[in-house]
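Below is a brief report on one protein model. It follows the core, the sheet, selected strands and a loop.

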Amino acid sequence: MSVTLVTILMMGMFLTGFLMLWQNFNLNAVSLNDAVRISSQLERERIRTSLHVGNVEVDTENCAIDLEIINSGLEAISPISGFEVMVSFPGGSNGPRILEYEGDSEGSTLDTWSIKLADPSEAEPSIARPGSSHTIRMGLNLPEPSDTTAFVIVSTPNGVTAGADVTGILTPCSATE
């Protein structure tokens, strides 16, 4: 009788261990499936998003740069305030910086960016629809005399970037505070 009891206990332990491993495998498979699904969804959004730089103008009087961005993708990019705008000065003494979003105002303060509205009656200026263009106005603080070139990178909330070389910046200069 004791051999039968030991055999039943061993089989019970074996089956319990097997069921625990099976449950762990299933939980990991579900987690992995969710991660792959989310990753593929983000990649589809990224493929359908495309951003290009149009005209670049330097306003030396206000120490500002106007950069036209064009949504050439298939998806609307919303909100524009979620963009990251970075400026670097290769070879110069002014350091790279990430500009803060100032809002939809036309004024430029130190190291900020805003949307410069071409048409004040635009219905939704905070959404970059496919085929539309918006102008980003960047106010810079460049106290150090250095090279007059910059490189601007605009990044969308899902990680798609566009960049442009900017020349003709007179230094030192500071935007209005």
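## Nonpolar core

The largest nonpolar core holds 27 residues. F83, W113, M138 and V154 touch the most other members. Such a core is a set of buried Ala, Val, Leu, Ile, Met, Phe, Trp, Tyr and Cys residues joined through side-chain atoms within 4.5 Å. Buried means under 20% relative accessible area, exposed over 50%, and partly exposed in between, using a 1.4 Å probe and protein chains only. Elements that give two or more residues to this core are β2 (64-71), β3 (84-88), β5, β6 (133-139), β8 (149-155) and β9 (161-167). Strands are DSSP runs of E, at least two residues long, numbered from the N terminus.

This is a predicted model: local features need pLDDT of at least 70, side-chain atom pairs count only at pLDDT 80 or more, and totals for chains, interfaces and linings use all residues. Residues are numbered from 1 along each chain as its sequence is written, and side-chain values use heavy atoms, with hydrogens and water left out.

T112 is found in strand β5, residues 112-116. The relative accessible area of T112 is 10%, so this residue is buried. Not counting residues up to four places away in sequence, T112 touches L99, E100, E102, R137, M138 and G139.

## The sheet

Eight strands form an open sheet with mixed pairing. Their order is β1-β2-β6-β5-β4-β3-β8-β9. Two strands pair if DSSP finds at least two bridges between them. β1 (51-59) and β9 are the edge strands, and each pairs on one side only. The twist averages 30 degrees from one strand to the next. For such angles, axes are lines fitted to C-alpha atoms, and values run from 0 to 180 degrees between N-to-C directions.

## β3 and its partners

β3 pairs with β4 (residues 97-103) in the antiparallel sense, over three bridges. V85 has L99 as its bridge partner in β4. V87 has R97 as its bridge partner in β4. β3 and β8 also run antiparallel, joined by five bridges. There M86 stands opposite I153 of β8.

The faces of β3 divide as follows. V85 and V87 make up the covered face. E84, M86 and S88 make up the uncovered one.

β8 and β9 pair in the antiparallel sense over seven bridges. A150 has V166 as its bridge partner in β9. The hairpin of β8 and β9 has five residues between the strands. In this hairpin, G159 takes a positive phi near 95 degrees.

A162, A164 and V166 form the covered face of β9. T161, G163, D165 and T167 form the uncovered face.

## E75 in its loop

E75 lies in the loop between β2 and β3. The relative accessible area of E75 is 28%, so this residue is partly exposed. E75 and T49 are 26 residues apart in sequence, yet 5.6 Å apart in space, C-alpha to C-alpha.

Leaving aside neighbours within four places in sequence, E75 is in contact with R48, T49, A128 and P130. The side chains of E75 and R48 make a polar contact at 2.6 Å. A polar contact is a pair of N or O atoms within 3.5 Å; within protein, one must be able to donate a hydrogen and the other to accept it, and residues adjacent in sequence count only if both atoms are side-chain atoms.

Definitions and conventions: Helix = DSSP H or I, 4+ residues; strand = E, 2+ residues; numbered from the N terminus. Contact = heavy atoms within 4.5 Å.
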